[in-house]
Amino acid sequence: MIDRNEILSVLSRYDLKKISIATLCSHSSLQIFHGAKREGFRTVGICLADRVKYYQAFPEAFPDELVVIDNYKDILDDRVQEQLIGLNSIIIAHGSFVEYVGSKNILDLFYVPMYGNRLVLEWEGDREKQFKWFEKAGLNFPRIFRSPDEIDTYAFVKVYGARGGRGYFKVSSREDFYKKLDEKIKAGLIGENEKLVIQEFVAGVRYYPHYFYSQIYSRGLKLSKGGLELLSIDKRIEPIDEVYRGYPDIIPDYLDYTVTGNQPVVVRESFLPQILDMGVKLVESSIELFPPGLIGPFCIETVYNPRKGFMVFEVSARIVAGTNLYPEGSPYTPYLFREPMSTGKRIAMDIRVALEKGIISSLIY
Ligand code: ATP
C-alpha cells in the first residue's frame, strides 16, 4: 500500500495557487466539475476517447482540461498519473472511479493525491469489514447467516462486492436458497464459486441519506471535531418496486433488485435526529478504526422498518449517484447554506477552505 507520506510528498510539490479538481468522466463527474467550477477551480477530466463528445454536450460541467485514455486501466499508467500531477490535480473518487480502477490498485499503485482518506476503501469494499464497522458504530444492521443452514426467516442473498443489486435474490429457507442460486448461476447472473452474503431480509422503506463530514468547516451538527451536514436523501428505483404492475400474477422479471435510477426524498421530520445520529456514529467510529476517518461525503443505505427502526445495510464512503438529483441543492441544503449547494460543490468548498487555511494536506491521502 502506498504510504500517506508518499502522497503528501507529491502534494508538497504542487503549486497550491493552481490546484485542479480532477476525476474520471463518468457517474458523478458532471456534478463534481459543475461544483468545482462554481468554486473557481480549474477542472481536469480523465475521459475515454470515444466519450468526449457526450461530455461536451454538457458545457457547464465540461472539464477545462482533458486527459484522454483508451481504456480505464490506462489511469494507472505513469504517463497519465504524471500528467495529472503536472496539472496539480486533486482526484475526487466516485463509484465508477473505484470500480474501474479497483480499490486494491488505488491503494497500491495510484500515487496522485486524492481528496479523502483512501484507507476507507479497505473498510467499505469488504462486506465483513463493513459489518465490523457497523458493530463498532453501534448501528442496527440485518442479521448475517454464516451458512444457508442457518436461514430461519426471509433472507436476502448478495454477492460479496458491489454490483448495484444485479442478480441478488430473496429466499425463505435453505432449500429455496440452493434452488434459486442454481437458477442464478445458470442465468449467468452469479458465478459458480462466487462469495455470497446471506442477510436477514428487512421489510420496509429504503432511505439513502447523503452526509458531508468536515473537520475544518461545517454549519452542521457539531461533533468533537468539526461537524456533520445532512445534504440530501434519495431512494433508489429498482424493478421490484413495480412488481404490482403484473397483478394478479407475479412476473419473474420484476423480482429484480438492480438499481436503475434515483428519486428525491424527504423524510418525516421526526426521523431527522435518528438519521443524523447514524451519521455521527459512523464518523466517530471511523476516526477510531482508520484515522483520520471519514472525510467529506458519504451515504448510508438503510431500510426503515416501523418495528425495528432504521437498519443499515451498506455504506458508500464517497459522493454517490443519488446526489446527482441535487446539482442546485436539495430540500435540506437551504437550511445549511445561503447559496445553492450540491455535494460536488461542497467537496470543492472543503478544498477551497483548506487551501485558504493552509491545511490542505489534512484532507488528502
Ligand atoms: P451498491 O454498491 O450500488 O450500493 P450493492 O451491490 O452493494 O450496491 P446493496 O446496496 O447492498 O448492493 O443492495 C442492493 C439492493 O438490494 C438495495 O437497494 C435493496 O433494495 C436491496 N437490499 C439489500 N440488502 C437488503 C436487505 N438486507 N433486505 C432487503 N433488501 C435489501
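Among contacts in the protein chain between residues at least 6 apart in sequence, what percentage join residues at least 24 apart? In this predicted model, the share of such contacts that join residues at least 24 apart is 64%.

The overall dimensions of the protein chain were considered next. Along the principal axes, the C-alpha atoms occupy a box of roughly 60 × 45 × 40 Å. Of the 365 residues, 55% are buried. The accessible surface amounts to about 16,700 Å², and carbon and sulfur atoms contribute 51% of that area.

The secondary structure of the protein chain comprises 11 helices and 14 strands. Four of the strands are arranged as an open sheet, in which the order is β5-β8-β6-β7 and the pairing is antiparallel. The edges of this sheet are formed by β5 (144-145) and β7 (169-171), each of which pairs on one side only. Within the sheet, strand β6 (residues 155-159) is joined to strand β8 (residues 196-200) by five bridges, and the two strands run antiparallel. In this pairing, Val157 of the protein chain is placed opposite Ile198 in β8.

A further set of pairings involves strand β9, which spans residues 205-214. This strand is mostly covered, as nine of its 10 residues are buried, that is, they have under 20% relative accessible area. Strand β9 pairs with strand β13 (residues 296-305) through seven bridges, the two running antiparallel. Here, Tyr213 stands opposite Gly296 in β13. Strand β9 also pairs with strand β11 (residues 227-237), in the antiparallel sense and over seven bridges. At Tyr211, the bridge partner in β11 is Leu230.

Taken together, the pairings of β9 comprise seven bridges to β13 and seven bridges to β11, whereas the pairing of β6 with β8 comprises five bridges. Each of these pairings is antiparallel.

Definitions and conventions: Residues numbered from 1 in each chain as written. Predicted model: local features only at pLDDT ≥ 70, side-chain atom pairs only at ≥ 80, totals over all residues. Heavy atoms only, no water. Buried < 20%, exposed > 50% of the residue type's maximum accessible area, 1.4 Å probe, protein only. Contact = heavy atoms within 4.5 Å. Areas by Shrake-Rupley, 256 points an atom, 1.4 Å probe, with all protein chains shown as cover. Pairing = 2+ DSSP bridges.
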